[in-house]
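Visitor: I'm new to this one. Could you walk me through how to read it?
Guide: Happy to. Have a look first, and then we'll start with one pair of residues.

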Amino acid sequence: MVYVLTYFILVSDEYWIKKNNPVIYNENIMTSNKLTEVANSHTETIISIKNISKTFGGINALSDVSFSLRGGEVHALVGENGAGKSTLIKIITGAYSSDQGFININGIEYENLHPAQARHLGISAVYQEFNLLPDMSVAENIFLTNPPLSPLGLINIRKRSEQTCQLLERLGAHNNIDPKEFVKNLTVGEQQIVEIAKALAIDAHILIMDEPSAVLPSRDLDRLFDVVRVLRDEGRGIIYISHRLNEIFELADRVTVLKDGKTMGTNNVSETNRDDLVRLMVGRELTEMYPPADNAQGKTLVKVNDLCIENVVYDINFELKEGEILGLAGLGGCGRTSIARALVGLADIDCGEIFYFGEKEKMTPALAAQAGIVLIPEDRKAHGLILDQSNRFNVTLPNLSRLEQWKMIFKKNELAPVLKAMEELKVRPQTPELDSGSLSGGNQQKIVLAKWLMVQPKIVVFDEPTRGIDVGAKAEIYQLIRKIAKQGVGIIIASSELPELLGMSDRILVLHEGRMAGELSRSEADEEKIMRLATAADSVEIPN
Amino acid sequence: MTLFSKANTNNVSLRSIWQSAFIRNNAPVLLIYIFILFLVFIGSIYSDRFLTASNMVNILRQSIVLGLLAIGQTAVLLTGGMDISQEMVARLVGLTVATIFAAFDSNPAMILPLILLGVVLGVFIGGLNGLLITQTHAAPFIITFGVAFILRGLNLAISSTPIRGIPSAYLEVYSAKIGIVPVNVIVMGLVWLLAWVFTTRTLLGRRIFAVGGSERIAELSAIRVKGTVVRAYIISSIFAALAGLFLLARTGVGDPSAAEGMTFQAIVASAIGAISLYGGRGSIFGTLGGVILLTLLGNFFNLMQVNIYFQQLLLGVIVLIAVAGYKSKRLGAL
């Protein structure tokens, strides 16, 4: 039944593409499963992006970006979080459409690509989150959308196994991965190879790898590099995104740096060095957005001793004092969020201990809320607000037990504090009955803050406090953070935005792959130092 | 919202009506009441006997069983769950109470203790449903379906033939009247009012909405999710038990086929009333509208002597139209 359905879907899919893009379709048929032609494209430019711009709600995600990829090349793409790497990738794979500019593939100019079109042009992406079906076999996953068919139109299972073996052999993984094994029984590294094989099964010439090393344990890295080199030697072009500069120098031929949605330059890897790259990635003026640091520090609120969470963070030690703002810096996947979550009891701690107000405690979310330890989460939609409920409902939620009267919640009791909080935080529009989902990102974040400030917290952990928020609301949130710090609340800011950390923190802890890479005081910290520690650009003696 | 205000820039009055938060937030519920009025209007044209005081009161009384079940079902639906076992609970309570009445020679002194027993049975089964769901993390549909099957077997074990011997005083539950208005209709009105207070004003009601909106966020907001869910299923079963007790008074016998198909109708009534089947969204007035609409339709079809098979077909079409209509309106929110 499923197979029949899949077949019909396939047929209709091909029909659609054939009908709409006859040229592309024929090209694809010509090249599919023929590796010989690919080899000829060595050193020729196979895709070039010209002057692409993209704005989201008035914010420039990309402005005037150009980029090119040759066959047989590993082209690294680097830049801070929010520099525009993912936007660029999504435009290449057809997930977003650009506002301006062209994509030139094999000499044909496209204004925008449709996702199916991009796939048929041989563009394939391997994301950090794999698109694999865990309860299907390796072979089924690799040939999910284009299985070899028998003359009757049924899936030719024998041929599929053979082709799977061939693909895996090319990737040097035929000894480790059984085509019949369920994907869920494979290691992360093996799953990644299956994902790459999937791209090969549709004969992708342009392979985009989004931080492929971030999900891998270090012992699997060499195998990944070997696979990437195999693909390169076959003449395919690989766009390799990574935060780890070491890898770029080991693997890549060229490197392009993005900053604030602009290309800062493309260089041959052999002609550049780490310092140059770091300098290109960072370096922004601190604006007047940040209020002056005039908060005094009191006694210790939290003390973290040798905290570790398996496979995420190891041996974390720090203290937080009353009125102190502590920054947690590091690249994506360095464990910032996990530490933030562990503090409010949302992550299981494997070893080490956390002392709250001098007492050792095993935290749970409910206990944390009662004790005044709150997390302002990174993902507002999943952890912050129920978007199709009113602002009043959302703000009141953690405060219900304080507002209740005979087990009932009366509007007259809850409306006044909600209104007061919304006024204090300058939420616009100031309507408690409006659904939170209809507010802008900045105002939604203010509602999350209102919700938790009403608890009268003693410790506030911010995870990406200003993600997706416009500049005006950002400044207001910074002022608010400073204000509550002045009232003696201890604050932790885990953020990927260096200017924010530098502008707000009294002290910055830098993490590298789950370990403390260093600690910088307000006076000694700058973007370059943080970036060096975070990328482990040079080995640093760990303080403490 | 903005789409609408842009489309109506010329028509200021329509625009301002839409901008009133009350209309906007309650559009689906208002729509269903408009549809009810429309149906009453059509009915009064086609039949003289439709828009009469006695028929209207009759409809209200007919709606009681469905109303009780739907209130309980709404509490569960709001948590994002579903209670398939309702009709079996109603039947079990009816049969158990009838059996004990018969054993005590229809003694009227047993009425109050047995009503209490019925409610306790409801609490017990609801608690079982809730605990099984929160402890196994299985889909509520499957768990309550399993419990429904157990209860079905239990019911057949108690009796497969109607049980006589209900004291006549108990039948007053169904027949007592003040003027032409049955007492039970007035009581049911109060129950609806209480249900409204419960969903909008109580701590538990608020928690049920929060859990249905997002278990994650509710948990982070120091709400005990499991406790809230268990309580919702207890509420559902208590109302099912009350429905069983009411049916017993209506039929006058312990009926081993009582409430057949009513669970599904209760879910449909809630869904027509714009209670989100994903949980966390809806108003008890919507459920009331759904209950009245379904009862009204049944009554209307009977008066019009519509073929029973065709009735089912029409009902199905109406359900699909209603639910599809809400869905497309709320695409953005979902």
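Visitor: What sheet do β13 and β19 of chain A sit in, and in what order do its strands come?
Guide: Follow β16-β17-β18-β13-β19-β20 in chain A: those six strands make an open sheet with mixed pairing. From one strand to the next, the twist averages 20°.

Visitor: Which strands does helix α21 of chain A lie across?
Guide: Helix α21 (residues 527-534) lies across β13, β19 and β20 of chain A, and runs at about 30° to β19(A).

Visitor: Do β11 and β14 of chain A run parallel or antiparallel?
Guide: Antiparallel: strand β11 (residues 300-309) and strand β14 (residues 351-356) of chain A are joined by five bridges. Look for Val304(A), which stands opposite Ile354(A) in β14(A). β14(A) also has two bridges to strand β15 (residues 359-360) of chain A, again antiparallel. There, Tyr356(A) stands opposite Glu359(A). β14(A) and β15(A) form a hairpin with two residues between them, and Phe357(A) in the turn has a positive phi of about 50°.

Visitor: How many residues does each chain bring to the contact between A and B?
Guide: Chain A brings 19 residues and chain B brings 18. On the chain A side, α13 (365-371) and α14 (380-384) each supply at least two residues. α13(A) gives the most, with four. By type, the chain A side divides into eleven nonpolar, four polar and four charged residues.

Visitor: And where in chain A does pLDDT stay under 50?
Guide: The general idea is that where pLDDT is low, the predicted coordinates should not be read in detail. In chain A, one such stretch is residues 16-41, with 24 contacts beyond four places in sequence in the model. Another is residues 539-544, with eight such contacts. Among the elements of chain A, helix α2 (residues 22-31) has the lowest mean pLDDT, 39, while strand β18 (residues 490-494) has the highest, 94. Chain A as a whole averages 83, and 88% of the residues score at least 70.

Notes:
Residues are numbered from 1 along each chain as its sequence is written. Chains are lettered from A and ligands numbered from 1 in the order in which they are written. This is a predicted model: local features need pLDDT of at least 70, side-chain atom pairs count only at pLDDT 80 or more; totals for chains, interfaces and linings use all residues. Two residues are in contact if their C-beta atoms, placed from the backbone, lie within 7 Å. Ala, Val, Leu, Ile, Met, Phe, Trp, Tyr, Cys and Pro count as nonpolar, Asp, Glu, Lys and Arg as charged, and the others, Gly among them, as polar. Two strands pair if DSSP finds at least two bridges between them. Axes are lines fitted to C-alpha atoms, for helices over the stretch in contact, and angles run from 0 to 180 degrees between N-to-C directions. pLDDT is the predictor's confidence in each residue, from 0 to 100.
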